[in-house]
Each structure stands twice: as structure tokens, then as C-alpha cells.
Amino acid sequence: MIADFERIAHDTDGEPQTDDDIYSITKSLRLQLQGSIEIGGNTGTTSKDIGGLYSAEPLALIKPSGVDDIARVVKAASQVPHMTVAARGNGHSVNGQSMNDGGLVIDMRSTEENLFRLITLDCCTNYIDVSGGAIWEDVLTRCVSEFGLTPRSWTDYLGLTVGGTLSNAGVSGQAFRYGPQISNVMELDVVTGKGDIAVCSETQNPELFFGVLGGLGQFGIITRARVKVQTAPDMVGLSVLE
Ligand SMILES: Cc1cc2nc3c(=O)[nH]c(=O)nc-3n(C[C@H](O)[C@H](O)[C@H](O)COP(=O)(O)OP(=O)(O)OC[C@H]3O[C@@H](n4cnc5c(N)ncnc54)[C@H](O)[C@@H]3O)c2cc1C
């Protein structure tokens, strides 16, 4: 499924997009974006996901430099009838969820280095702020090496993005004790379907918070997640099943 912002971006049905619409949105994005935009056929692997079951031809692949770029893309798309936007993490969904035929694809990994910050609430409560496009493997490596901490709940396979798994659930061996990753998030920054940047949590914009967590990219784009962390163990065991 495509992360389709059409339903929340357009209050009324409009005419389908025309060549003029497409020309004007790509031109205005070229002017506004600090990151890059690749039009049409140069989008390479964005036409597929790891499942390889489907292919799609996006109108453009955008590599945003940060959250402001993402907001610009969604805002521009919201002004063109039937223009859709898909956030793409590491493309490890298998049913075309991060693809977008004829629409805009945002490569969230281009923001992965933007944010990595430890938040300490008191002596024993820590969180990290990470970009939606960060890969969990990098998050884990940095947490352990810089702070001696680990996220409480991971995925078993770590080559997935923070936004990609928080849009699903994010399950692993730790889920039996701490719940899925979506139960270990304190706060999110989200670009909404109208291109606004919103902070949400259980108490602030809770509808958005609980919509986006596990929402398959249909309710907004996660650009920052505040994730619970805990002290890393001194040693870990490895079991190999015969
Ligand atoms: C080899 C392999 C191992 C896996 N292991 C696990 C595992 O151990 N545990 C587990 O829970 N799952 C696992 N999965 C499934 C995987 O978690 C999901 O498919 C996940 O969505 C993929 O993450 P991604 O970063 O590749 O996201 P993508 O496939 O790129 O995107 C998935 C969905 O999330 C949306 N999305 C992406 N980024 C954002 C964002 N920043 N904000 C809002 N929406 C966004 C996309 O639009 C799309 O709908 C595995 C999959 C594979 C192929």
C-alpha cells in the first residue's frame, strides 16, 4: 500500500493531475528543496521493494536534507489533486508499501545522520531522540558505544529504519518483556498530510501519536522518535539453532 496522503491532504476532490501540475510541482520543489530531487526514470531501486512482487514508477525520488524539506514536499503535494507521497525507509516491506506509482517518494535515509541525542529525565530514565530515517543497527551501535545504553525493544533484524518499524509494530525477542517498539516511544515529530510539523505524544496530540504508531505511513511521516533506552548488558549470549 502506498503511503497516501491524499485523503488527509485534500478536503475536496479535484481534477486528476495534469502535465502542468506535474511540471509546476517538480519545478517548485527543485527551487525550494535543500536536498535533491530525481525525476522519473532515475529513481532506480525506489521502483521496487525487497519483496520484488511489484514495481512502480514514481514521479520523483526526493532525498530531503531534513524535516523542513519533508514538510515542503508534503505541502506541495497537498496542493496538487491526487498527488500522493510515500515515505520510504529501507524498502524492506514486501508488498509495495513504500512504493508510489506516479507519486513522490521520500527517501528517509537521507536524514538518518541528522539527529542523535540523549535525553536524561532523572537518574535512571533515559531516552534517545533519533531521526525517522535512522537505521536501527546504527542506533544500537551508537547507543552502546557512546552511552552504554540500548533501546529497550528492537527488531531481530536491524537493517530497518526507525520510521519504517514504528509504522508497523517492531517486534523481536524483547517484545515479550517490553512490548513492541511502538510501546516504547515517548514522543514523535510528525509531518502531517498538510505539511505541518507537529509534536505528539500520549498527552500532546494523542490522536496523531496513536494514529502514526503502527499507521503504515498513512497518518503522517515520522521525522523524530524519542525512544526508551536502558543500560546495555555487559555480555550477550548467541544461540544458533541447528
Ligand atoms: C529480512 C527482513 C527482516 C525483518 N525482520 C523484522 C523483525 O525482526 N521485526 C519486525 O518487526 N519486522 C521485521 N521485518 C519487517 C519490517 O519491519 C517491516 O517491513 C518494516 O516496515 C520495514 O522497515 P523499512 O525501514 O524497510 O520500511 P519501508 O519498507 O521502507 O516502509 C514500510 C512502511 O512504513 C512507511 N514508512 C517508512 N518510513 C516512515 C516514516 N519515517 N514515517 C512514516 N511512515 C514511514 C512506508 O511508507 C511503508 O508504508 C523484516 C523484514 C525483512 C525483509
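Start with where the ligand is: the space it takes is the largest pocket. Keep in mind that this is a predicted model.

Now the surroundings. There are 29 residues around the ligand, and A87, G89, H92, S93 and T161 are the closest. By type, the shell divides into 17 polar residues, ten nonpolar and two charged.

Where along the chain does the shell come from? Domain 1, residues 6-110, and domain 2, residues 111-231, each give at least three residues to the shell around the ligand. In terms of elements, at least two shell residues each come from β3 (85-88), α5 (162-166) and β10 (221-231). The largest share is from α5, with three residues.

At H92, a backbone N or O atom is 2.7 Å from a ligand oxygen. At Y157, a backbone N or O atom is 3.2 Å from an oxygen atom of the ligand. N168 uses its side chain instead: a polar atom there lies 2.7 Å from a ligand oxygen.

How much of the ligand's accessible area does the protein cover? On its own the ligand has 960 Å² of accessible area, and the protein covers 84% of that.

To go back over the site: the ligand takes the space of the largest pocket, both domains supply at least three shell residues, and H92 is among the closest residues as well as a backbone contact to a ligand oxygen. That is what I have on the ligand site.

Methods
Residues are numbered from 1 along each chain as its sequence is written. This is a predicted model: local features need pLDDT of at least 70, side-chain atom pairs count only at pLDDT 80 or more; totals for chains, interfaces and linings use all residues. Side-chain values use heavy atoms; hydrogens and water are left out. A residue is near a molecule or strand if one of its heavy atoms lies within 4 Å of it. A polar contact is a pair of N or O atoms within 3.5 Å; within protein, one must be able to donate a hydrogen and the other to accept it, and residues adjacent in sequence count only if both atoms are side-chain atoms. Accessible areas come from the Shrake-Rupley method with a 1.4 Å probe; for residues, only the protein chains shown count as cover. On a 1 Å grid over the protein atoms alone, a cavity is a set of points where a 1.4 Å probe fits but cannot get out, and a pocket is an open set with protein on both sides within 12 Å along at least five of seven lines; lining residues have an atom within 4 Å of a point. A molecule sits in a cavity or pocket if more than half of its atoms lie within 2 Å of its grid points. Helices (H or I, at least four residues) and strands (E, at least two) are DSSP runs, numbered from the N terminus. Ala, Val, Leu, Ile, Met, Phe, Trp, Tyr, Cys and Pro count as nonpolar, Asp, Glu, Lys and Arg as charged, and the others, Gly among them, as polar. Domain bounds come from an automatic or database domain assignment.
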